[in-house]
Each structure stands twice: as structure tokens, then as C-alpha cells.
Amino acid sequence: MSKAPFARRLLAVTGMDELGPYRVLRVADPDGPDPDPGQFAMLAAAERWGGGEDERPYLPRAFSIARVAEGGEAHFLLEDVGPGTRRLCELQAGDGLWVLGPLGQGFTAPRDGRRAILAGGGVGIAPLAILQDSLPDQTAVLLGFRDGSRAEGAALLRDACVATDDGSAGHHGLLTDLLDRELQHDSHAVVYSCGPAPMLEAVRAMCAARGVPAQLALEAGMACGFGACFGCVVPRRGGGFLRVCVDGPVLDAAQLEKVDEHAGAPG
Amino acid sequence: MTVSFCGLELAHRVINGSGTFDAIAARRAFGAALETDFPFAAYVSKTITLEAREGNPPPRLWEAASGLINSIGLPNKGLERYIAEDLPQLASLTAAARGAHDGCAVPLITNVMGSTAEEFSTLVLACDARSEIAAVELNVSCPNVETGLDIGADPRQLEAVVIEARAQTRKPLIVKLTPNTADVVACAEAAQAGGADAVSLINTLRAMALTPAAARSPGAPRAAPWLGGRTGGLSGPAVRTVALAQVAAVAARVSIPVVGMGGVQRAAHARELIDAGATLVAVGTASFRDPTAATGIARGLLRMTAT
């Protein structure tokens, strides 16, 4: 696990790219540690972080590191869903960004000769991009989106097979339709998944039913990201709770009874 | 130049609020830098109870206007496992953190909560037996099983609990006062009368958030509480001026030292609490945004004192 420098760091935004309705926030981080695929960072704009809708945001927001490009440029995938993400989406080249990270436990490489299947949905495809960069070229990539506009986000990864809820791009149906087909073809695999809670739960249940190991990158509202606040917990199979920030965000599916629908972020 | 607090010599005036900084988890996330740059002049543990607690069901957090409502529910391993597993780690961590403060020790303060005076006594006695623990803080924001009233909100009950706890130890005893009471000054005076060496305040303000429309089940007639524990505690900048008023009121009426906290983000806020009568200042929610927030606040305070 890559350890984070102790203190949030003020980094410069290098650009903001449009990707359908999503944004790719690019930040210069030449001196930062190399993140493991699946690790995340806590982000807050240096200016005007606060005073938005309902006098928010106040807390930083947790984002998977989507990719690290040449020269240590970190990429984050954003979707405007609340006062924090809205402010981050407004950032432009030259603006300051507070970054704490990389944090948490990332994905573990495939074992026992299993092939990797990447299964992502919506803005949750982000950690699968950096994971794909670390895996062999022929890795299967299955991505689900609500509609064709959002499906433009699939360009974040290479050679993705896409499904949309409304059929406006790729397969008309759910990501799990694609996953089902893929596992029927060859189930000696390990599934890496990230996306909205209902999708993650469907992936978890499908993998469990077929005895296929799965690693799920969870999302949760967090105050700190480093184990201090105990706010981001999800129920652990067999009782008790796991802290998504320090025990995850990537959890072995076997650690969970089910993916909790409450595992959402504040936006 | 050190600061004296209940017989302890501290490198500066800034400590952490209980339950706002898990040093063991932070050591894992940040490595040895946590020790070499340890932000706090003393380290306060999260609340320890007699039996282990899982904490409240999620969701546990709500971002409020300029602040945070939490309903964590004091998850902890229970006294026995805290002593056996966490205390040795915390002791070695705070010992290593001396280097961050020119060799000045970083005392370990253990925060405990019971639901009866007897439970408090057992917890304090166990802390008294451990040389690693420099001081004990009582979290009295716990409902009395019979009356449902917070022990710390009722001066009579509070004094009785402090008297019992006081009898178990000669180590410094700090009482963390609740702001959710009609008369915080009367509670502070009761803590002092019971034998407390210091009081700390404010704990979080009881608060509620309702489930936003977007997250509500279709057909639900009205919004239900968002937090798994229904209500939670409000902290952050939203409570700073309330904290200032309560700290000033308490410090004017008790002779024991006061640890002031509530919404401190910057050195200027810490300075205000000190001007209102606090000896030490605790940083809590600000550490969530930046784990080294307290370092900047302590440095800023030293600069202000120097000028």
C-alpha cells in the first residue's frame, strides 16, 4: 500500500476535460507517491470551498484516482451531483486543489492464473482505468451507464464493452448481462468492480452464486479518509463494521453480506 | 517554553478532541511521519467503555451548513482489549512523538464513558493502574439508564459520578462537559465540587438531519431522520461561537483549568478560546479536513504569543 504524505498538499490543476456529462480533473503531482490502483484521495478546492448551496461544502470529497499520466499528473473523474462535486467541476487550469492521499487499500492482482474482468458503472468506472493500466492488454472491460450520453465516459478505458439502461449505446440492458455472458464463457476469473450500490450488489450476488472471487471498490460519505471519524462504515459479514477508508475502499466481496444501499457520498 | 496543565508539562496548547483522531489508523495511513510531525501536545483517546461497542448503524455522517453532524455511537473494543491491544501501540506512538516537540513528552489521556457511577469507577481504576496513561477524561454525555437524562446534563448526578471516579485515582481527572444542558456553568461547578482537575468543553450539540428528497423512498409521506442513530452531534465552524460563549461562562466561574474546543479551524480561533479563559485548546473536526491542522494552529498560536 502506498502511504500518503502526512498533511494535505496544495496542488495545481492542470486542466479539466469533458467526457460526456463527466469531467476529468487533471492535477500536477510530480512529487506524490505512486498510488496503487483502487486507492483514493480527499479533494477540496483551495478557494471557495464553502458558502455554496446550504453553506456547503465543508468537508473534502473522496475520489478514486482514475489514472496517473506521465510526469505524475493525477486524473479524477467527476460528476456534478452536489455542492462539493459542483465546485470541483468548476476548477480550471492554474486553480489550487487540496489533496490528501493516496489513501486506503487498493485492488489485489489476479492470482491462480485467473483472468481479470473489470466491471464498472457510471462515475464508478474511475478506479478501473488505473487498474486496466496495470493489467495485460486483453483484460475484459465491461461498463454500464444510464444512457448514451453518460456512456461517453467509457473512453476513459480502452476497448470497453458497454451496456446502457435505455439502449442508446451498446447493449440495451444491465452491466450484469454482459458480466453473465463473460462468466459463462470462462468463469476462471476474478471480477473487479466499482459503481452505484445496486450495481455492485448485483455483481456481488452474481459472483457469489458462481463462486467467482470479486473485489469491490466501495463509495461512502467520509469526513476524513484516514480512519479518524468512523463515519464511512459498512456492515461486515458475520457482524460489526468495516471502515471503507482504511479497510477499503476495495473490499473482498466475501467480507460483505451485501452491498449496503446507504454507501453513498455527500456529493 | 512549555505549558503546565494539571501537573503535566506540554509542548504547546493544542491537543485533539476525543474521537477525532485515531492515531493507530493514522500511523497506518501516513507511516512514521505521523510521529515525527505529531500535531498534538497531548493525545486523547477515543471513548472507551467497559464492554465493546459496534457503534451506530450507518449512515453516520451528514455534512451540515459549515459543519458536520455525526452519529458514530462510540465504537470501541471495550476496556480489556483497549488496555491489552491499543494502549501499548498508543504508548509507543506518543513516546516516538516526543521528537516532534523537542523531547517534551506527549501525555496520553484516556477518555472513558460509563452509564453508572460504578462503571465510571471501574474504568478509572483500570486507567489508574496503567503507567502509560497520564490522565483520564470522563465522557459524561451518556444517558442515565433510568431517567434517560444525560449524566453530564444534571449537576447532581454529575457530581456524584465525579466523586466516585475521583476516589479511584490521583491522576489528573478531566470532565468533558456536554453543551446539551440548561446550565453548563452549574455542571462545571458540579464537576469541580466532585474533585475534577479540569473541565473540557464543548462536546457536540445534539442535531438532526432529515433524508433529502433525492434519497427518499418513493411514496414516503414525510422525510425520516437520515442518521442511523436518528440524532447526532454537530461540530465544526457552525458551533464555534456557541463554544466561545460556554467556555467564557465556565472559565469565569471555576478555578480549575478549562480545555476549550468547538469549531477551531485557525490559530485565531484558538486564541479566542484562550482569551475566553481556556488553558488548552482541542482541535477536532478540522483534523478531518487536514490531519495536520493542529500543527498549523499550534504554530500560529506560538507566533501570536511571541509578538
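Two residues are in contact if their C-beta atoms, placed from the backbone, lie within 7 Å, and by that criterion 65% of the contacts in chain A with a separation of 6 or more join residues 24 or more positions apart. The structure is a predicted model, in which local features need pLDDT of at least 70 and side-chain atom pairs count only at pLDDT 80 or more, while totals for chains, interfaces and linings use all residues. Residues are numbered from 1 along each chain as its sequence is written, and chains are lettered from A and ligands numbered from 1 in the order in which they are written.

**Chain A overall**

- Chain A has 5 helices and 16 strands, where helices (H or I, at least four residues) and strands (E, at least two) are DSSP runs numbered from the N terminus.
- With a radius of gyration of 17 Å, close to the 18 Å that the globule rule gives for 267 residues, chain A is as compact as a globular protein of that length; the radius is taken over C-alpha atoms, and the rule is 2.2 Å times the number of residues to the power 0.38.
- Along the principal axes, the C-alpha atoms of chain A fill a box of roughly 50 × 40 × 35 Å.
- Of the 267 residues of chain A, 54% count as buried, that is, 20 or more other C-beta atoms lie within 10 Å of the residue's own.

**Helix pair in chain A**

- The axes of α4(A) (residues 175-185) and α5(A) (residues 197-210), lines fitted to C-alpha atoms over the stretch in contact, come within 10 Å and cross at roughly 20°.
- The two helices, α4(A) and α5(A), are therefore roughly parallel to each other, a label for angles under 35 degrees.
- Leu175(A), Thr176(A), Leu179(A), Asp180(A) and Leu183(A) in α4(A) meet Met199(A), Ala202(A), Val203(A), Met206(A) and Arg210(A) in α5(A).
- The residues of this contact of α4(A) with α5(A) divide into 7 nonpolar, 1 polar and 2 charged, with Ala, Val, Leu, Ile, Met, Phe, Trp, Tyr, Cys and Pro counted as nonpolar, Asp, Glu, Lys and Arg as charged, and the others, Gly among them, as polar.

**Helix pair in chain B**

- In chain B, the axes of α5(B) (residues 155-166) and α6(B) (residues 184-194) come within 8 Å and cross at roughly 25°, and α5(B) and α6(B) are therefore roughly parallel to each other.
- Residues of α5(B), including Leu158(B) and Val162(B), meet residues of α6(B), among them Ala190(B) and Gly194(B).
- By class, the contact of α5(B) with α6(B) has 9 nonpolar, 1 polar and 2 charged residues.

**Between the chains**

- In chain A, 33 residues are in contact with 33 residues of chain B.
- The side of chain A that touches chain B comprises 21 nonpolar, 6 polar and 6 charged residues.

Methods:
Buried ≥ 20, exposed ≤ 12 C-beta atoms within 10 Å, placed from the backbone. Axes fitted to C-alpha atoms, helices over the stretch in contact; angles between N-to-C directions. Parallel < 35°, antiparallel > 145°, perpendicular 65-115°, else oblique.
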